[in-house]
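Q: Could you take a close look at one helix and at what surrounds it?

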Amino acid sequence: MASSILSDCSSCATSRLLPLRRALHPPTPRFRPSPGPAPLPRRPLLAAATPLPLLPRARRMAALAAAASSADPATVLADASAKIIDGKLVAKQIREEVGVEIARMKDAIGVVPGLAVILVGSRKDSQTYVRNKKKACDAVGIKSYEVNLPEDASEYEVIKHIATFNDDPSVHGILVQLPLPRHMNDENILNAVSIEKDVDGFHPVNIGRLAMQGRDPFFVPCTPKGCMELLHRSGVEIKGKRAVVIGRSNIVGTPAALLLQKANATVSIVHSKTKNPEEITRQADIIIAAVGVANLVRGSWIKPGAAIIDVGINPVDDPASPRGYRLVGDVCFEEASKVAGAITPVPGGVGPMTIAMLLSNTLDSAKRIHKFK
């Protein structure tokens with residue numbers, strides 16, 4: 001039965017997770033009382049979103065061909081009808097908007113947003129993530145701060161650096177790169193980050209405020225925020241529509257469902273204990289798949305014309321690839337693209353949005369702290 005292979009671990013292209021294997025469940029930290037944030041516009045970006053430019057037909061067809069696995073490329077190209085939601089293009093647009101707003105703030109009040117990243121250990125993947133974040137910060141004008149600690153560093157050392165950044169007025173966002181070494185307690189460390197600078201948006205007060213009517217969180221988690229931005233910018237109507245989120249992790253599934261609910265969708269969550277997931281999913285006008293199972297969602301699961309946001313990024317064997325594998329999503333692209341109205345590719349869909357949203361959250365933090373409109 002399909003539900004038996006569902007996982008509650010979102011396989012997202014977030015910079016906080018392991019590449020290829022998204023098995024991390026972040027702990028639920030104990031929270032400190034905190035005042036609510038000063039209200040910000042619901043849309044975090046500079047200007048009103050413009051409709052998402054879709055790939056030209058030739059490029060779209062090439063993308064479909066590249067995403068197909070063993071299917072005959074000619075058949076896939078002939079049958080494919082879904083519009084491709086180009087995450088790379090949207091992320092680029094957002095980075096440009098963030099950069100313009102940072103320059104405006106610097107000219108007006110002399111403030112440059114600052115993002116601090118703490119890396120413990122020498123994992124190659126984590127080092128790559130941190131390097132990519134720094135590069136993205138430099139490109140838009142965010143000042144980056146980095147602390148590199150050895151694998152055997154103590155919790156006290158990490159928390160001491162967090163406390164320093166909490167008190168530093170030039171730092172507006174703090175990110176502790178996960179995973180941490182096994183001898184460290186993630187909850188203790190993540191709970192030490194000030195909620196006002198928790199730009200990853202995983203603090204329980206943020207999630208709680210996201211769940212409440214009439215409340216706004218300090219920050220929205222980056223990957224779910226990116227999913228919603230893709231829907232908005234591609235012109236997908238959310239209000240009154242039926243939405244299904246596949247996966248209920250704290251990182252993507254749960255906050256994505258809460259965001260869809262805030263946007264007035266009627267939301268169902270499909271998870272590992274759900275009976276008849278195919279039947280439930282087939283009723284959805286909008287699907288966000290974040291479960292970490294390659295090609296789980298087949299064409300038969302999809303309502304014709306539905307919009308699909310595929311957060312999954314999973315390796316599958318591919319002897320023709322120089323790496324011996326290729327990346328696919330939680331949705332079987334070659335089948336879904338024949339039924340859906342719009343779909344994100346993997347890679348190149350949700351993945352590029354995560355760091356773009358991190359930059360957006362850091363900008364929002366600086367604007368809030370300095371009361372800059």
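A: What follows is a description of helix α8 and its setting. This is a predicted model, in which local features need pLDDT of at least 70 and side-chain atom pairs count only at pLDDT 80 or more, while totals for chains, interfaces and linings use all residues. Residues are numbered from 1 along each chain as its sequence is written, and side-chain values use heavy atoms, with hydrogens and water left out.

Helices (H or I, at least four residues) and strands (E, at least two) are DSSP runs, numbered from the N terminus. Because 11 of its 12 residues are buried (under 20% relative accessible area, with exposed over 50% and partly exposed in between, for a 1.4 Å probe and protein chains only), α8 is largely enclosed by the rest of the structure. Among the buried residues are Cys222, Met228, Glu229 and Arg233, and what covers the buried residues of α8 includes α3 (87-109), α9 (253-262) and α12 (351-369), together with β7 (286-289) and β8 (307-310). Just after α8, Gly235 takes a positive phi of about 80 degrees.

The strands β7 and β8 run parallel and are joined by 4 bridges (two strands pair if DSSP finds at least two bridges between them). On this sheet α8 packs, touching β7 and β8 (contact means heavy atoms within 4.5 Å), and its direction makes about 150 degrees with that of β8 (axes are lines fitted to C-alpha atoms, for helices over the stretch in contact, and angles run from 0 to 180 degrees between N-to-C directions).
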